[in-house]
Protein chains: 2
Amino acid sequence: MAEPNRRVIVKAYPADLPGPEHFALETAPVPVPADGQALVRTVWLGMDPFPRMQLTDRPGGPPPIPLGSVMIGRGVARVVESRRPDLEPGDWIVCDPGWQDHALYTAAETPRKLDPDAAPPSAALGLLGPSGLTAYFTLTAKAGVKAGETVVVTAAAGSVGSAACQIARNLGARVVGIAGGADQIAFLKDRLRVDAAIDWQAEPDLATALKAVCRDGIHAALDTVGGATHDAIMANIAVGGRVVMAGFISGYGERKPYGNPHAVIFRRATLAGFLLADHMGDAPAALDRLAGWYREGSLDLFENVTAGLENAPAAFAGLFRSPPPGKQLVRVEP
Amino acid sequence: MAEPNRRVIVKAYPADLPGPEHFALETAPVPVPADGQALVRTVWLGMDPFPRMQLTDRPGGPPPIPLGSVMIGRGVARVVESRRPDLEPGDWIVCDPGWQDHALYTAAETPRKLDPDAAPPSAALGLLGPSGLTAYFTLTAKAGVKAGETVVVTAAAGSVGSAACQIARNLGARVVGIAGGADQIAFLKDRLRVDAAIDWQAEPDLATALKAVCRDGIHAALDTVGGATHDAIMANIAVGGRVVMAGFISGYGERKPYGNPHAVIFRRATLAGFLLADHMGDAPAALDRLAGWYREGSLDLFENVTAGLENAPAAFAGLFRSPPPGKQLVRVEP
C-alpha cells in the first residue's frame, strides 16, 4: 500500500508526569500480513494510565517499552486484509495495535469480535472492557461488596471510577465518590448519581471530609490513586474494611510508601492488590452482566474523545492531570 | 491485710522507646473483695509490646492508660480470697492483674483456670496463650499457610515469633526466620529448627538476604515489625502472597508509613491486619491443638524470666531492644 503508516514512538522516559515531549510522530510503511496474520486499521485507542509503569527503566517493575519503539495501547480496529481463517475484512475487533494507524494482528488466540449494533465498538475499551471489568472484579471478587455497605471510589470520574460508582450502586451499596474539581463533582452527582461526592481539590482535609459522609466507616474502597487519598481512606476504614489497590496514579513515577499500619491492624483491614489479568477466565460472564446493565439503562457509557493519532500523547498526559469525566479515547480513523 | 500492695504506675508517656523512667513503684493497701469478686496474688506477668500503643495520648489509637494509674498487663495469679462461686482459694487463673502484687478479679465471665500439672502455668501467658494463639490464627485463619509454602516470620526469636516458626513447621511449611544477633540466630537454628535464619543486624540489605533463601518468593509472612522489614518482605513477595500485620514494633511510637504499592499491585499481594480479640471464639479448639503439639514435643516452650515486680519496667523496655529469645515474663511472687 502506498498510504504511509503513521505511528507514535516513545522518545524519552518521563521523570515525573508524562507529556507530549516524551513521544514523537513518525511514518513507516504499512506492514504486510504473513500467513496467520491480519492487517487492521486502528479506529479507536483507549488511553490507560497503566502503561506509564513501562515508561521507565528503573528496575523492579514490568518490562520497559524500548525507546524508539511504538507506544503500546489497546484499541478497537477493523480488519483490512486477512490471512487467517477467523477474520474477514470489515470485522470489528479488540486488539493491541499500539499508537499507529495500521498494525498486524498476530495473536494465536481467536480475536474478540464486536457487534457494532449491540453497543458502540469503543465501549469495548472502557465500560464493556478493561475499565468495567476492573471495576466489577474489584468490587465483587476482591472486595466482596454487600448491599448497604459504604463504598468509596477514588478517581471516580475516570473510566474505572465512573464504572465502579454505577456498579456499586447496582450492587446496592452506598457510594461515595472522590474526584477533583466542580465539573467532576457535578458529573458524579448528576450522571453517576452517587450518594456523596467529595472534591479533593476543594477540601483542606480529605480525611475529615470523608468522615462527614462515612459515619459508620468505609466498608470497601477501590483505590486507584494511593498516596494522601489512600491515607484518608485508611483514617476512616471500618473494622474489617477492604481496600483494593488497583493503581496509584498519585505515584506511578515513584515507589512512594502508603498507608497507616495502626489502622490496618486495629481495624483489621485488608489491602489487596489487583491485576485484571488474573480474572480474565471470568470475563465473559462479567461482560454479560455489564452488558445487561447497559441494555437496562442502569450502567451508562461516558466517553471523552480526542481526535487524531497525533494527539494521543496529549490525551495520555491528560490522564494524569484531572481529565474530563469518562473513558479517554483517541479516534484514530477520521 | 497488713501486707502492702506494691504496684507500678505509669509516670510519663514515652516519646519514643519506653524505659524504666516512664514508670514508678508505689505501695497501696491490698484491696478487699466485694461480693462477686476475688482477691488474687499475681505470680507471673507476661510482657507484651502491645500496651506500648496505650502509652500515648496521641489521638487515633486505643484508649490511653491514664498517667498515675497501674500499668496494664496480663498475668497468672492464684486466688487468695473468693466471694464468688466459681473461684476457690488456691485456684490458678489467667487474668489481667496489671503490674501489682494483688488485684481484684471482677470480670463477669468465668475465669480460665489452669491445671499446673498439664503445663507450667506461665505457658498460658505465651505459647499456650496469646502468643501461641496469635501465631496460630495468623498462619491458619489469616494467611492460610499450606504445606510446602515458604513462610517468613519476623521477630522470630520472640514470643509470637518462636511459636510461629514451630507452628509453621508443624503445618509443613518451609520456615525463614528473621531475628537480630548471633544468639537469636543460634536459637532459631538449634531450638526452633527453621529452614533458614537471617540476622537483620548483620545483613547490609535485608531484601537481598531474603531473596537468597526465598528463591520462589515469600508465600506468607507474619509481620510484627513493619518498617524496613516489611519493605524487605514486600520486595520478595510471591504472586498471591499474604502478609499478616500483627504488630509493628519498629514503629509503635509513630504512624510510619509502610510498604510498596508496586509490589502489592503487581504481585496481587494481600496485607491483612490482625487482632487476637476477633478470634477468641475459636481459641478453645486452637489451644487444644497447641497443647497437643506441646505434649507430643513438636512445640517447645521458651521463656525468659525476670525476677521481681520492681523490674517489670526494665523487662518491658527490653522487648523493644532485641531481648533474649522466648516469652518475656516477670516472676512477681518470690
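## Helix H7 of chain B

With 14 residues at 1.5 Å a residue, helix H7 (residues 283–296) of chain B should span 20 Å, and its end C-alpha atoms are 20 Å apart, so the two values agree. The expected span of a helix is taken as 1.5 Å times one less than its number of residues. Helices (H or I, at least four residues) and strands (E, at least two) are DSSP runs, numbered from the N terminus. Just after H7(B), Gly297(B) takes a positive phi of about 90 degrees.

## Model and confidence

This is a predicted model, in which local features need pLDDT of at least 70 and side-chain atom pairs count only at pLDDT 80 or more, while totals for chains, interfaces and linings use all residues. Residues are numbered from 1 along each chain as its sequence is written, and chains are lettered from A and ligands numbered from 1 in the order in which they are written.

The mean pLDDT of chain A (pLDDT is the predictor's confidence in each residue, from 0 to 100) is 93, and 95% of its residues reach 70 or more. The scores of the model are ipTM 0.75 and pTM 0.82. Where pLDDT is low, the predicted coordinates should not be read in detail.

## Domains of chain A

Chain A is assigned domain 1 (4–126 + 302–331) and domain 2 (130–277); such bounds come from an automatic or database domain assignment. Taken over C-alpha atoms, the centres of domain 1 and domain 2 of chain A are separated by 28 Å.

In chain A, 13 residues of domain 1 are in contact with 15 residues of domain 2, where contact requires C-beta atoms, placed from the backbone, to lie within 7 Å. On the side of domain 1 of chain A that touches domain 2 of chain A, the residues divide into five nonpolar, four polar and four charged. Here Ala, Val, Leu, Ile, Met, Phe, Trp, Tyr, Cys and Pro count as nonpolar, Asp, Glu, Lys and Arg as charged, and the others, Gly among them, as polar.

## Nonpolar core

The largest nonpolar core has 192 residues, and those touching the most other members include Ala168(A), Leu188(A) and Val153(B). Such a core is a set of buried Ala, Val, Leu, Ile, Met, Phe, Trp, Tyr and Cys residues joined through C-beta atoms within 7 Å. Leaving aside neighbours within four places in sequence, Ala168(A) is in contact with Leu139(A), Val145(A), Val151(A), Val153(A), Ala173(A) and Val175(A).

## Selected residues

A residue is buried if 20 or more other C-beta atoms lie within 10 Å of its own, exposed if 12 or fewer, and partly exposed in between, with C-beta atoms placed from the backbone. Phe23(A), in strand S2 (residues 23–29) of chain A, counts as buried because it has 22 C-beta neighbours inside 10 Å. Phe23(A) and Met71(A) are 48 residues apart along the chain, and their C-alpha atoms are separated by 8.3 Å. Pro20(B), in the loop between strand S1 (4–10) and strand S2 (23–29) of chain B, has 17 such neighbours inside 10 Å and therefore counts as partly exposed.

Ala155(B) has a positive phi of about 45 degrees although it is not a glycine. Ala155(B) lies in the loop between strand S8 (150–153) and helix H2 (159–170) of chain B and is buried, with 29 C-beta neighbours inside 10 Å. Arg268(B), also not a glycine, has a positive phi of about 50 degrees. The loop that holds Arg268(B) runs between helix H6 (261–266) and strand S13 (270–273) of chain B; Arg268(B) is buried, with 20 other C-beta atoms within 10 Å.

Notes
Contact = placed C-beta atoms within 7 Å.
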